[in-house]
Amino acid sequence: MKHGKLFAVVLAAALLATAPLFLNAYQVDVLNSIGLYGLLALGLNLILGEAGLFNMGHAAFYAVGAYTAAILNTRYQIPILWTLPLSGLVAGVFALVVARPVVHLRGDYLLIVTIGVGEIVRIALVNDLFGMTGGANGIFGISRPNLFGIVIRRPQEFFYLIWGCVALTIFLFLRLKQSRFGRALNYLREDEVAAEGSGINTAYYKLAAFGLGAAWAGMAGTLFAAKMTIISPESFNFWESVVLFMIVILGGAGNIVGVLLAAFLVIGLPELFREFASARMLVFGLVMVVMMVFRPQGLLPAGGGRFLPATLVRGRG
Amino acid sequence: MKQHLLALVAAVGLVVGGATAQAADTVKIGLMAPLTGSWASEGQGMKKIVELLAEQQNAKGGVLGKKIVVVTEDDGGDPRTASLAAQRLTTQGVVAVVGTYGSSVTEASQAIYDEVKLPQIANGSTAIRLTEKGFKHFFRTAPRDDEQGRMAAQTIGKLGFKKVAILHDNTSYAKGLADEAHALLKSQGAEVVFFDALTPGERDYTAILTKLKGANPDVVLFTGYYPEAGLLLRQKKDMNWQVPFLGGDATNNVDLVKIAGKEAAEGFYFLSPPQPQDLDTPDAATFLADYQKKYNELPPSIWAVLAGDGFRVMVTGIAGAKSTDGDKIAGYLHKDLKNYPGLSGPISFDAKGDREGEVYRVYKVDAEGGFVLQKL
Amino acid sequence: MEEFLQQLTNGLAVGGIYALIALGYTMVYGVLKLINFAHGDLFTYGAYLGLTLLTSLALTDRLGFALGMLVLVLMVMGLVAVLGAILERAAYRPLRESPRLSAVVSALGASIFLQNALMLLYGARFQVYPNILPATTLNLFGLYLPLMRVLIVLASVLMMAALYLFIQKTRIGAAIRAAAIDQGAARLMGIDVNRVILLVFLMGPALGGTAGLMVGLYYGQINFTMGWVYGMKAFTAAILGGIGNIPGAMVGGLLLGVIEALGAAYISIAWKDAIAFLVLILILIVRPTGLLGERVADKI
């Protein structure tokens, strides 16, 4: 079992690393999209999966990061990849400020508040906040990233940039999961009262999860801005938050590999269903229901499926 | 279970698209259109029209002696999906691309086509900046927002209105047009008493109408789309408010009158490129008859018809250049295509790929709900 | 002042519809702790079914206006209720013992499915109701009050009151309340919890479907995506009032409509939805479980 699992992971990684050699530009670009959503979903996974905080407004942090990068790049000519830490920081701080007064709300109330934050951010962008966001037009003319003198332009080149970030993220988040911090988050998700009773500062950890997850979304936003060279508010609407939410839950909240698998399915399937033309989203909706019905704990449940995360079980939340 | 998952992922990762073998006896033309999402109605109209025209062209022998195959990809009306649709089209051996509708959606695909030298012709994208970036392979059959803004200001002047309220819907297109008209109206001495945006997709606009009425304008310029325009007209009539409305070209849709009701729609002015039925070319008349025969309805809007024009222009370009080479087609369209008899009027392109000549007309809705061309 | 009152009535008419839809969210949540994201689409189905029945059966011509309308409303209620029950059986019941959020994702999938099914059945173009309502406008102290808007508010309030009485005064209502408090204990008391859940999935969609019919009849224009907009607003309303609480959904719905109208009138039309969400967040900061929601000890 252990060996099988390792083998599967190595095989998948090797397949992925060589994918641009035998896939065409479109297929590679689908993988890029999957990688980008994978990054976003891994960030959301910290908040929703590890800490159990219902967040359906993740696109807000993604947008803050993307716009920070775009504004710094187009107005102050800062190379786009250099903006990465700053856009992560801005998104993280924004999340802390927003989450501070509401992070204690019970599950579904937090859900609507995060939806609300997502919508407020989108409306602010559309209405050209501070005259910096370009309104509905968004910001265009973002320069291509330049890594050690190589201008990244084609999908194949973006592939290695994006998936490199994904690999780094997986490494860091696996470490984080096994750390004191990661265990505290899990504890929080399983039983908040007991966690607090054991001396865990729940407010601190909840906020930390929000800040870190949002910072990741902000950095993913930078990559998105670099890839598209134009960003506009419609790329950060409610639907994006819903998609990310679905990825994390479908993956098995809290399981990094599961979340990546789910990103493959949720972003990949609508592409696979292009043959169905107008009916492709119909089939996609149906597949989502069927997958949830047959894998109610998610594709790869956190904790190997032996324990039900108590706060996520119906009737006790 | 694990094997199943792995198989599924492999399927998604590798089978996506599945490179299609390029048959040498056909010419593939791509169509990128919003088949799903909020603008699905436009996209499906585009698909119907282009497929009809391709069928007819093939009956006449296709192009360069080969059959035309239309490859349609869904852009979902959203930039990210559009960039994927564009990547996909580039791998399927198409020689030219028609589409798409929304400006920001088109924008997300422009660079992708340009990099592989695929000529693209957009049908609904009117944002000015699309042709200001120096893309050599980009064209559009749609006119530009600045031209429409000029026409809107001119029309309001000619109709003698002094106090103007401007309402847009915060979409890229509507906001651009509203800003354009706003500046011109001010410079020609009209007073703009109201400038704000509604939220598209809602049903009840009485709160906005009440506020508009309070500003007491002579005319309301609404630069958004037909679903909201229809509701505004209907609810305005319910309020017994008699102010005239002038709409932008996105209100040109047969559903406008259905939504508003004939009584409420009567007297509504709007700007638009001429409709096929107002052109006296035999081409337009035959096209309209054929379309109605095949689909038993009118084309949803002028934008779908402009996709048809885009398709015909591309076919002419391929035939004229005697080649499917992107540079040659684009070169032909830039230099040699002059006053091509399109369904929406004569078509020529300037160096930027914009359509030359005055395209806009003023229409007014009559008591029967018909769109009547105005001579101002 | 006159404009203020006018905007108030504008908001109430919009809010009445929100409230009717919000009831479906709140009832399902009360019993199952599930946010039924497909509820907005059931509302859309009410509008489309109403249109099909209205045009194909010509009820108002055959039975007279009032009786025809009544039959139409009952038919739409019945059909959408059946749809709700099917949805529960297919997409939610298999997930009843699963993590809560799995059912939410299933609901989102069901919503995508329902919406696109409608697009494929009816086409993507806007559908338009025949204009059969009397266009009478009352003029009260200079306020413009179309008769139909008054009727919309009255009908919503009436239906909500009937529902409230049903829940509070009947034995079945008591069973629903019991199941909402503790399903296990309710089962021990001899209540068939499955039937209670089925009942909730019949009643909520029936009300939502009626709201859809009312929107179709009055506003005239419907399309397959409208459930998302209305559904989100109604869900916001349910939370605002305190989700799980029936009077809360009514108050939340009407209040949200009024906040939107006043926000548009006195602050900014373009920022209207942002203002509504901001008010919601402020209210939740002060009252973490909504206006009428049960008090739960804060843990932070």
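This is a predicted model: local features need pLDDT of at least 70, side-chain atom pairs count only at pLDDT 80 or more; totals for chains, interfaces and linings use all residues.

Reader: Happy with that. At what angle do helix H2 and helix H4 of chain C pack?

Author: Two packed helices are described by the angle between their axes and the distance between the axes. Axes are lines fitted to C-alpha atoms, for helices over the stretch in contact, and angles run from 0 to 180 degrees between N-to-C directions. Helices are DSSP runs (H or I, at least four residues), as are strands (E, at least two), numbered from the N terminus. In chain C, helix H2 (residues 39–57) and helix H4 (residues 65–92) pack at about 140 degrees, with axes 9 Å apart. That angle makes H2(C) oblique to H4(C). Angles under 35 degrees count as roughly parallel, over 145 as roughly antiparallel, 65 to 115 as roughly perpendicular and the rest as oblique.

Reader: Which hand does the crossing of H2(C) and H4(C) have, and which residues meet?

Author: The crossing is right-handed. A crossing is left-handed if the near helix is turned anticlockwise from the far one by less than a right angle, and right-handed if clockwise. Among the residues that meet, H2(C) brings Leu42(C), Tyr45(C) and Gly46(C), and H4(C) brings Leu72(C), Met75(C) and Val76(C); contact means heavy atoms within 4.5 Å. The residues of this contact divide into 13 nonpolar, three polar and no charged. Here Ala, Val, Leu, Ile, Met, Phe, Trp, Tyr, Cys and Pro count as nonpolar, Asp, Glu, Lys and Arg as charged, and the others, Gly among them, as polar.

Reader: Now a pair across two chains, please. How do H2 of chain A and H3 of chain B cross?

Author: The axes of H2 (residues 25–50) of chain A and H3 (residues 79–90) of chain B come within 7 Å and cross at roughly 155 degrees. That makes H2(A) roughly antiparallel to H3(B). The crossing of H2(A) with H3(B) is left-handed. Residues making the contact include Asp29(A), Ser33(A) and Tyr37(A) of H2(A), along with Arg80(B), Ser83(B) and Arg88(B) of H3(B). By class, the contact has five nonpolar, three polar and three charged residues.

Reader: Is Ser83(B) buried or exposed, and what is it in contact with?

Author: Ser83(B) has a relative accessible area of 4%, so it is buried. Buried means under 20% relative accessible area, exposed over 50%, and partly exposed in between (1.4 Å probe, protein chains only). Leaving aside neighbours within four places in sequence, Ser83(B) is in contact with Asp29(A), Met228(A), Ala108(B) and Ile112(B). Asn32(A), found in helix H2 of chain A, is buried at 0%.

Reader: Which backbone spots deserve a look?

Author: Most residues other than glycine have a negative phi, and most peptide bonds are trans. Asp128(A) has a positive phi of about 55 degrees although it is not a glycine, and it lies in the loop between helix H5 (107–126) and strand E1 (139–140) of chain A. At 27% relative accessibility, Asp128(A) counts as partly exposed. Asn170(B), also not a glycine, has a positive phi of about 65 degrees, and at 10% relative accessibility it counts as buried. The peptide bond from Gly99(B) to Thr100(B) is cis, with omega near 15 degrees.

Reader: And how many aromatic pairs does a search of the whole structure find?

Author: Rings of Phe, Tyr and Trp (its six-membered ring) pair if their centres lie within 6.5 Å; planes under 30 degrees apart count as stacked, over 60 as edge-to-face and the rest as tilted. The search finds 32 pairs over all chains. The rings of Tyr218(C) and Tyr219(C) have centres 4.7 Å apart and planes at 70 degrees, so this pair is edge-to-face. Both tyrosines, Tyr218(C) and Tyr219(C), are buried. In chain A, Tyr62(A), Tyr67(A), Phe224(A) and Phe236(A) form one aromatic cluster.

Methods. Residues are numbered from 1 along each chain as its sequence is written. Chains are lettered from A and ligands numbered from 1 in the order in which they are written. Side-chain values use heavy atoms; hydrogens and water are left out.
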